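Hello,

Here is the structure I promised to pass on. Please open it first, then read my notes on its charged side chains below.

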Amino acid sequence: MMQRARFAGAAAALALLVLPVQAQEPTQGLGRPAQAPARAAPAADPAFEAAKAAFEPLPEAERKGLQDALVWTGDYNSVITGTFGRRTYDALLSYQKRAGNSAPGFPDARMRAAILAAGDTARKAARFTVKPDPASGIVIGVPERPLAKRSPQAGGTRWQSGDGRVTLDTKSFAPEETTLDALFARITAPGADRKVTYKIKRPDFLVVTGETATGKSYIRYAAAPGGVRGFTIGYDKALGPDVDRLVIAIANSFVPFPETADAAPAEVAARPGATPGRPLPGPAVRALPPLIRAATNVGIGLIVAPGRVLTSSSALEACAAPRIAGVAARIVKVDAGRGLALLEAAGAKGRVAALAVRGSALAPGEALVVLGGDGGGGIAVSSGQSGGDRLSAPLQPGSSGAVVLDRNAALAGLVSRYPSAPRLVAGVAPPMSYPLVDGRVTLAFLTENGISPGAAMDRSGATLGAVASGAAGSVVGLTCP
C-alpha cells in the first residue's frame with residue numbers, strides 16, 4: 001500500500017478562471033462613502049520572507065525537485081514551477097513537523113536531501129514514468145506499478161489497476177469530432193448516479209471532478225487548433241487518500257500538445273527529483289507555461305460605491321499593498337472585530353452592486369449561492385448551504401470576502417476567513433465549512449462609513465443563477481504583489 005497522502009499546503013488550482021469579472025460602468029446601487037483615515041496593513045511574515053530568501057538562490061533543478069518530492073510525500077498539491085510561495089512554504093513546514101523537527105524553519109541541506117530522497121522513493125515505488133502516449137499525442141506521467149494493465153482504445157490508451165479499482169484513460173479528438181464546449185456539456189450533464197463536485201471551463205481547457213456513491217473522478221481536457229486532448233482518472237473512494245496524490249502528479253505531468261510546447265518553460269513536474277549536480281534521467285520533455293499568476297490571490301471584494309470595495313479584513317492580514325483588478329488600492333477602514341474592511345481603488349473597473357441586504361438570520365440548511373475566488377484571480381459561482389453563522393461550500397483559494405446570496409438574491413453576508421492552508425484534492429477544494437459575516441453587520445459597517453444602500457434592481461422572473469451571474473460584474477478579485 002502506498003504511503004497515505006496528506007495535503008497540507010495551500011495550492012493554486014491546476015485550472016483557473018471560471019467566470020471573469022466584466023468591466024462595467026457604475027450603475028445605481030450604493031452611495032459614495034465619506035473619507036476615512038487610512039490604516040496600515042500588517043507587516044509581512046518574517047519567517048516566510050526568510051525562507052523565501054533561502055529558497056530562491058537554490059539551483060532551479062533543486063527548487064523544482066523539492067516541490068515535486070513534496071507532492072509525493074503528500075504535502076504539496078500545486079503546479080511545479082520552482083517559484084516560492086505560501087503553498088511551498090507550508091509544504092516544507094508540514095514535512096519537517098511530521099519528520100520530528102520540533103522547530104521547523106527553512107530546511108538545511110541535510111533535510112532537503114531527506115525530502116528529495118523521500119519523494120524519489122515514493123515515485124520509484126509507483127514506477128512513475130513520464131513519456132509520450134502515441135495513441136493520443138499527449139505526454140503524461142503514468143504510475144505503472146499500480147496501473148499495470150495497459151490496453152489501446154479509440155483515440156487513446158487505458159491504464160488500469162489489476163483489480164479494476166483505478167483507471168487512467170487518455171483521449172484525443174480531431175477538430176471535426178467535437179469541441180471543448182460539447183465535451184464540457186456532456187461531462188457536466190446531470191446524472192442519477194453521479195454528482196459533479198467541481199467544474200471549470202476556459203476557452204482552452206476544462207477540469208471537472210465528480211463523485212458517485214462509491215467512486216471519484218478527475219477529468220482534464222485542453223483544446224488547440226489540432227483538436228482536443230486530455231485524460232480521465234476514475235477510482236474507488238476507499239482508495240482516495242492514496243490515489244489523490246497520484247492524481248496531482250499526473251495532472252502536473254500532463255502536456256496536451258507537446259509538438260507546440262514552448263521551449264522556454266520548465267520541464268514537466270514529475271521529472272525533478274535528482275539531487276543537485278546529478279543529471280535528470282532520460283530526454284527532457286518540455287511543458288506548456290504553468291497555469292498560475294505571479295500575484296497572490298488574497299480575497300474577493302464587492303463594489304459598494306464608485307471606487308469603493310467591501311471585503312473581509314482577513315484578506316488584508318498579510319498584504320501591505322492590495323490591488324483590485326490589477327489597480328493599486330488604498331485601505332480606507334479596517335474593522336477586525338467585525339471582520340470587515342473598506343478599500344478605495346479609483347481606477348478599478350466594475351459596476352456598483354445593486355443588492356438588497358437580507359434582514360434576518362440564515363436558517364440551518366438554507367440554500368445559498370456564493371461568488372468566490374476560483375484559485376487563479378477570477379470569480380467562481382458555486383452553490384452552498386447555511387449552517388447558521390457558517391457556510392458549507394466548495395470554495396477555492398482566494399475566497400476571503402466571498403459574496404453570499406440567499407435564494408431571494410439578497411446579500412446574506414461575506415465569507416469572513418478562508419484558511420491559509422486549505423485541504424485540496426487534485427488542485428481543487430471539496431465542500432468545507434467557513435465563518436460568515438452576517439449581511440446585517442455589513443450593512444451597519446457600510447452605513448457607519450457613509451454608504452447608504454440604494455434600491456435593488458428588479459429581478460422579477462430571474463433565476464438565482466442568473467442573478468448571481470449578473471452580480472459577478474460587481475465582484476472583483478484582490479491580489480497582493
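A residue counts as buried when its relative accessible area is under 20%. By that cut-off Glu-62 is buried, because its value is 7%. Please keep in mind that this is a predicted model.

The topic is salt bridges. Side chains of opposite charge can pair when their charged atoms come close. The count here comes to 23 salt bridges.

Start with Glu-62. Its partner is Arg-112, with the closest N and O atoms 2.9 Å apart. Arg-112 lies in helix H4 (residues 109–126) and Glu-62 in helix H2 (residues 60–72), so the pair ties together parts 50 residues apart in sequence. Arg-112 is buried too, at 14% relative accessible area.

Next, look at the strands. Asp-169 and Arg-158 meet in a salt bridge at 2.7 Å, N to O. Asp-169 sits in strand E5 (residues 166–173) and Arg-158 in strand E4 (residues 156–160), so this bridge joins parts 11 residues apart in sequence. Asp-169 is buried, at 14%. Arg-158 is partly exposed, at 31%.

Glu-144 and Arg-127 form a salt bridge at 3.9 Å, N to O. Glu-144 is in the loop between strand E2 (138–143) and strand E3 (149–153), while Arg-127 is in the loop between H4 and strand E1 (128–133). The two are 17 residues apart. Glu-144 is buried, at 17%. Arg-127 is partly exposed, at 41%.

Which residues are linked in a network of salt bridges? They are Asp-68, Asp-120, Arg-123 and Lys-124.

Best wishes

Conventions. Residues are numbered from 1 along each chain as its sequence is written. This is a predicted model: local features need pLDDT of at least 70, side-chain atom pairs count only at pLDDT 80 or more; totals for chains, interfaces and linings use all residues. Side-chain values use heavy atoms; hydrogens and water are left out. A salt bridge is a side-chain nitrogen of Lys or Arg within 4 Å of a carboxyl oxygen of Asp or Glu. Helices (H or I, at least four residues) and strands (E, at least two) are DSSP runs, numbered from the N terminus. Buried means under 20% relative accessible area, exposed over 50%, partly exposed in between (1.4 Å probe, protein chains only).
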